[in-house]
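Here are some exercises to work through with the model open beside you. Try each task before you read its solution.

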Amino acid sequence: MSDSRKRLDASDHPDKDVRKALKRILEGPFELVKGGHWGMLRCDNGCCQISVSGSPRNAPRHALELLREAAKCPRDDGDVRNKLR
């Protein structure tokens with residue numbers, strides 16, 4: 001990790017829908033660190049940073065938004081993150 005922020009695990013999130021989405025996103029080269037309203041997803045290239053809410057108003061929608069944002073991250077054809085699309 002490039003700075004001293006605390007790493008988080010997907011299982012730390014209080015909502016089951018968001019936890020499931022985070023687990024899927026973290027299979028690729030993303031890291032979850034403390035920051036923002038609850039946490040931040042950051043890609044290993046440093047090109048994508050996605051805010052994760054700790055208490056989203058609509059958790060299933062927030063989970064889908066996280067998956068969509070992670071899928072937008074630019075990458076090569078052979079990258080493992082392509083399975084998020």
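**Exercise 1.** Which residues in α1 meet which residues in α2?

*Solution.* A note before we start: this is a predicted model, where local features need pLDDT of at least 70, side-chain atom pairs count only at pLDDT 80 or more, and totals for chains, interfaces and linings use all residues. Residues are numbered from 1 along each chain as its sequence is written, and side-chain values use heavy atoms, with hydrogens and water left out.

Step 1: look for contacts (heavy atoms within 4.5 Å). From α1 come Asp17, Val18, Ala21, Leu22, Arg24 and Ile25, and they meet Ala59, Pro60, His62, Ala63, Leu66, Leu67 and Ala70 of α2.

Step 2: sort these residues by type. The contact of α1 with α2 has 10 nonpolar, 1 polar and 2 charged residues.

**Exercise 2.** Describe how α1 and α2 are arranged.

*Solution.* Step 1: find the helices. α1 covers residues 16-25 and α2 residues 59-71.

Step 2: take the geometry. The axes are 8 Å apart and the packing angle is about 15°. The two helices are therefore roughly parallel to each other (angles under 35 degrees).

**Exercise 3.** Is Glu31 buried or exposed, and which side chains does Glu31 contact?

*Solution.* Step 1: locate Glu31, which lies in strand β1 (residues 30-35).

Step 2: check accessibility. Glu31 counts as buried because its relative accessibility is 15% (buried means under 20% relative accessible area, with a 1.4 Å probe and protein chains only).

Step 3: list polar contacts (a pair of N or O atoms within 3.5 Å, one able to donate a hydrogen and the other to accept it). The Glu31 side chain pairs with that of Arg7 at 3.0 Å and with that of Arg42 at 2.8 Å.

Technical notes. Axes fitted to C-alpha atoms, helices over the stretch in contact; angles between N-to-C directions. Helix = DSSP H or I, 4+ residues; strand = E, 2+ residues; numbered from the N terminus. Parallel < 35°, antiparallel > 145°, perpendicular 65-115°, else oblique. Nonpolar A, V, L, I, M, F, W, Y, C, P; charged D, E, K, R; others polar. Buried < 20%, exposed > 50% of the residue type's maximum accessible area, 1.4 Å probe, protein only.
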